[in-house]
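Visitor: I would like to learn to read a fold one feature at a time. Please show me the model, and start with accessibility.

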Amino acid sequence: MMPGTLEVLDEALEILKALLQGEEVSKNKNALLYEKYRYRTDVEEMLYHLAGKLELRVYSGNGRLFICPEAGSRLFGWTNEELRDKISYISTNSELFTGYFIIMTLVTLFYREAYPDTPVAYIKLNDLVESVSKRLEPLLKLEDLEAVSQENQFDFTEICRIWQRLPDAREGVSGGKNDKVAFVENICKFLNSEKLIVLDMNQRIIYPTERFKTIIWNYYEDRDNRKDLLTFVQSLEVNG
């Protein structure tokens, strides 16, 4: 390998290592690493190449780099079992899939028109709960719900069953998953722990982080993603 190529490889690996260790690489922290990415095309391309080989994506937004696993990554992604262990009170795949639906609903509330240039500043927690219910209502009325589940490769039948079984919020009950509000709060606390949202429990408001906005921006920039499961979830509110 040529000396120049080795230098580029070393610099790209240095950036990747910092990101994998959870360090911030931005204009303000690890600025030298960020500048190598920002002003050296060869380093940027090498970083993307290395990340891709490891089933990772590197995104840039608001003067900062973010890293996340590709969908279905076996190396850095989580299995259903690992997520059940990581998210408090989630014990079955059906509950986990319900959590996925809540997350997708939250994304479409922040980006109502499914485009990254139409973000909402914050979402009220109760509005998220209400929106999940509204989006499941048209599904409950479908006679061929199992066919819709197969078409979208997502078990809407089980999600509807879980959500229907949960009572509405009860006074004096907090935490866990014993009602709809508590279930949604639990999922939001997980997103908060992953630095994807800021959850203000005093005002009961959800704010997106820069990490969240950057990942969603890049996700929607891929035109192939415009007609996927997320878009279907978005359409449920319109059709409902």
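Guide: Buried means under 20% relative accessible area, exposed means over 50%, and partly exposed lies in between (1.4 Å probe, protein chains only). This is a predicted model, where local features need pLDDT of at least 70, side-chain atom pairs count only at pLDDT 80 or more, and totals for chains, interfaces and linings use all residues. Residues are numbered from 1 along each chain as its sequence is written, and side-chain values use heavy atoms, with hydrogens and water left out.

Visitor: Which class does Leu140 fall into?

Guide: Leu140 is partly exposed, because its relative accessible area is 40%. Leu140 lies in helix H6. Helices (H or I, at least four residues) and strands (E, at least two) are DSSP runs, numbered from the N terminus.

Visitor: What is Leu140 in contact with, leaving aside its neighbours within four places in sequence?

Guide: Contact means heavy atoms within 4.5 Å. With those neighbours left aside, Leu140 is in contact with Cys160 and Gln164. The C-alpha atoms of Leu140 and Cys160 are separated by 6.8 Å, and the two residues are 20 apart along the chain.

Visitor: Is Arg135 buried or exposed?

Guide: Arg135 is buried, with a relative accessible area of 0%. Arg135 is found in helix H6, residues 125-140. A polar contact is a pair of N or O atoms within 3.5 Å; within protein, one must be able to donate a hydrogen and the other to accept it, and residues adjacent in sequence count only if both atoms are side-chain atoms. The side chains of Arg135 and Thr108 are joined by a polar contact of 2.9 Å.

Visitor: How do I read a pair of helices?

Guide: Two packed helices are described by the angle between their axes and the distance between the axes. Axes are lines fitted to C-alpha atoms, for helices over the stretch in contact, and angles run from 0 to 180 degrees between N-to-C directions. Angles under 35 degrees count as roughly parallel, over 145 as roughly antiparallel, 65 to 115 as roughly perpendicular, and the rest as oblique.

Visitor: At what angle do H7 and H8 cross?

Guide: The axes of helix H7 (residues 145-152) and helix H8 (residues 156-165) cross at roughly 120° and come within 8 Å. That makes H7 oblique to H8. Leu145, Glu146, Val148, Ser149 and Asn152 of H7 meet Phe156, Thr157 and Cys160 of H8.

Visitor: And how do H2 and H3 cross?

Guide: The axes of helix H2 (residues 31-39) and helix H3 (residues 41-53) cross at roughly 100° and come within 5 Å. H2 and H3 are therefore roughly perpendicular to each other. From H2, the contact uses Lys36, Tyr37 and Tyr39; from H3, Thr41, Val43, Glu44, Leu47 and Tyr48.

Visitor: Now strands. What holds them together?

Guide: Strands of a sheet pair through backbone hydrogen bonds, either parallel or antiparallel. Two strands pair if DSSP finds at least two bridges between them.

Visitor: In what order do the 3 strands of the open sheet run?

Guide: The order is E4-E6-E5, with antiparallel pairing. Strands E4 (123-124) and E5 (197-200) are the edges, each pairing on one side only. E4 and E6 (residues 205-208) pair over 2 bridges, while 4 bridges join E5 to E6. In E6, Ile205 is the bridge partner of Lys124 and of Asp200.

Visitor: What lies across E5 and E6?

Guide: Helix H9 (residues 180-193) does, running at about 130° to E5. The covered face of E5 has Ile197 and Leu199; the uncovered one has Val198 and Asp200.
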